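Please look over the sequence and the structure shown below before reading on. The briefing that follows moves topic by topic.

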Amino acid sequence: MTEKIYTTKKNGMPALLLILAELLFGVALIVGGAIVLGKMKALGTTCLIIGITILVVGWIPLCGLRVLKPQEALVLTLFGNYKGTIREPGFYYVNPFCSAVNPAAMTKLAQSGETTTATAGLKISADSAEISAETGNKKISLKAMTLNNGRQKINDCLGNPVEIGIAVIWRVTDTAKAVFNVDNYKEYLSLQCDSALRNIVRIYPYDVANDIDTTGDGLADEGSLRGSAEVVAERIKNEIQGKVEDAGLEIIEARITYLAYAPEIASVMLQRQQATAIVDARKMIVDGAVGMVEMALERLNETEMVHLDEERKAAMVSNLLVVLCGNHDAQPIVNAGSLY
């Protein structure tokens with residue numbers, strides 16, 4: 001089902017004035033009938049009957065008055081048939097028997113920054129006054145809205161459990177699809193976000209790993225959840241958009257808001273990262289130390305300050321490497337005797 005615009009003019013104010021005049025006329029008939037009832041019984045009775053009838057049924061046209069603010073829409077049905085959608089802001093008068101439809105009126109999505117215990121990012125209001133207000137408001141917001149889908153525990157492509165959360169910016173583009181194609185478009189969006197997030201996260205490792213293909217071209221690459229956040233977010237957005245197209249929703253943007261290893265392996269992974277950093281640092285230190293030793297030997301040979309045999313060179317290299325690669329400052333020992 002596709003959206004069609006309800007063809008009606010913004011004639012709410014003239015209709016309101018006409019209805020109020022009608023009700024005042026009914027009140028006047030009742031008052032006038034009561035006054036002349038004693039003198040002219042037939043006329044008074046007729047006025048009373050007409051006046052009461054006007055007051056009894058005269059309020060029904062008030063149900064046709066609808067007010068829309070900017071970025072709001074109203075989906076109208078008449079006896080089960082879809083009549084159209086009002087999108088433009090204004091004061092309207094429609095068929096009083098038309099009813100507004102919004103199955104997600106009581107469903108609220110957790111906004112970015114809110115703390116929720118539900119992983120799906122949904123929360124149903126439990127306050128009676130708030131439920132009453134939401135039930136009476138059947139308008140559909142056309143604004144860009146934010147869904148904070150909460151943190152989920154998902155295994156990456158290496159099987160490591162990671163916790164990840166996303167924030168999705170979305171809006172309704174086709175009100176007819178949103179209302180009639182799915183039962184509740186907000187719940188539908190939240191569930192599709194969960195599914196898309198799992199489908200994409202399981203393709204990537206948390207950090208860069210060897211022999212991992214994340215693009216599907218058969219070649220290993222350096223894609224990762226931590227290092228390719230923009231690419232991952234774009235793929236999540238496209239995945240969600242493909243799933244909610246039939247619900248008349250548009251995904252404007254998707255962003256990763258939280259990413260970390262699951263608590264049960266976080267300490268182990270931290271030790272692994274620390275070990276990798278130590279190894280890389282030691283490698284850099286050794287490379288630098290070897291270069292400094294080579295430079296020292298070359299300078300000694302160029303200046304011919306001392307002549308060292310192979311055994312003395314080996315001892316000198318060993319001492320220099322110990323000094324340069326050690327964790328602590330060297331304690332110098334002055335040798336006042338002969339080098340040999």
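Is Glu253 buried, partly exposed or exposed? Glu253 is partly exposed, because its relative accessible area is 27%, where buried means under 20% relative accessible area, exposed means over 50% and partly exposed lies in between, computed with a 1.4 Å probe on protein chains only. This is a predicted model, in which local features need pLDDT of at least 70, side-chain atom pairs count only at pLDDT 80 or more, and totals for chains, interfaces and linings use all residues. Residues are numbered from 1 along each chain as its sequence is written, and side-chain values use heavy atoms, with hydrogens and water left out.

**Nonpolar cores**

- The largest nonpolar core has 39 residues, a nonpolar core being a set of buried Ala, Val, Leu, Ile, Met, Phe, Trp, Tyr and Cys residues joined through side-chain atoms within 4.5 Å.
- The residues with the most contacts inside this core are Val168, Trp170, Val172, Tyr185, Leu189, Ile240 and Leu249.
- At least two residues of this core come from each of strand S2 (72–78), strand S9 (145–155), strand S10 (161–172), helix H4 (175–180), helix H5 (185–201), helix H6 (229–244) and strand S11 (249–261); helices (H or I, at least four residues) and strands (E, at least two) are DSSP runs numbered from the N terminus.
- Helix H5 gives the most to this core, with seven residues.
- A second, separate core of nine residues includes Tyr6, Leu74, Leu76 and Ile86.
- In soluble globular proteins, nonpolar side chains tend to be buried together.
- Leaving out residues up to four places away in sequence, Leu249 touches Trp170, Arg171, Val172, Thr173, Tyr185, Leu189, Gln241 and Val244, where contact means heavy atoms within 4.5 Å.

**Aromatic rings**

- A search of the whole structure finds four aromatic pairs; rings of Phe, Tyr and Trp (its six-membered ring) pair if their centres lie within 6.5 Å, and planes under 30 degrees apart count as stacked, over 60 as edge-to-face and the rest as tilted.
- Tyr206 and Tyr261 form a tilted pair, with 4.0 Å from centre to centre and 35° between the planes.
- This pair links distant parts of the chain, since Tyr206 lies in the loop between H5 and H6 and Tyr261 in strand S11, 55 residues apart.
- Tyr206 counts as buried because its relative accessible area is 9%, and Tyr261 is also buried, at 14% relative accessibility.
- The charged end of Arg151 sits over the ring of Tyr258, 3.7 Å from its centre, which requires NZ of Lys or CZ of Arg to be within 6 Å of the ring centre and within 35 degrees of the ring normal.

**Salt bridges**

- Seven salt bridges are found in a search of the whole structure, each being a side-chain nitrogen of Lys or Arg within 4 Å of a carboxyl oxygen of Asp or Glu.
- Side chains of opposite charge can pair when their charged atoms come close.
- Glu3 and Arg87 meet through their side chains in a salt bridge (2.9 Å, N to O), and this pair links distant parts of the chain, with Glu3 in the segment before helix H1 (12–36) and Arg87 in the loop between strand S3 (81–86) and strand S4 (90–93), 84 residues apart.
- Glu3 counts as partly exposed at 23% relative accessibility, and Arg87 counts as partly exposed at 25%.
- Arg255 in strand S11 and Glu230 in helix H6 are 25 residues apart, and their side chains meet in a salt bridge (3.4 Å, N to O).
- Arg255 is partly exposed, with a relative accessible area of 34%, whereas Glu230 is exposed, with 54%.
- Glu253 also meets Arg255 in a salt bridge between side chains (3.2 Å, N to O).
- Lys69, Glu72 and Lys139 are linked in a network of salt bridges.

**Strands S1 and S4**

- Strand S1 (residues 65–68) and S4 pair in the antiparallel sense over four bridges, where two strands pair if DSSP finds at least two bridges between them.
- The bridge partner of Leu68 in S4 is Gly90.

**Ala233 in helix H6**

- Ala233 is found in helix H6 and counts as buried, at 3% relative accessibility.
- Apart from neighbours within four places in sequence, Ala233 is in contact with Ala254 and Arg255.
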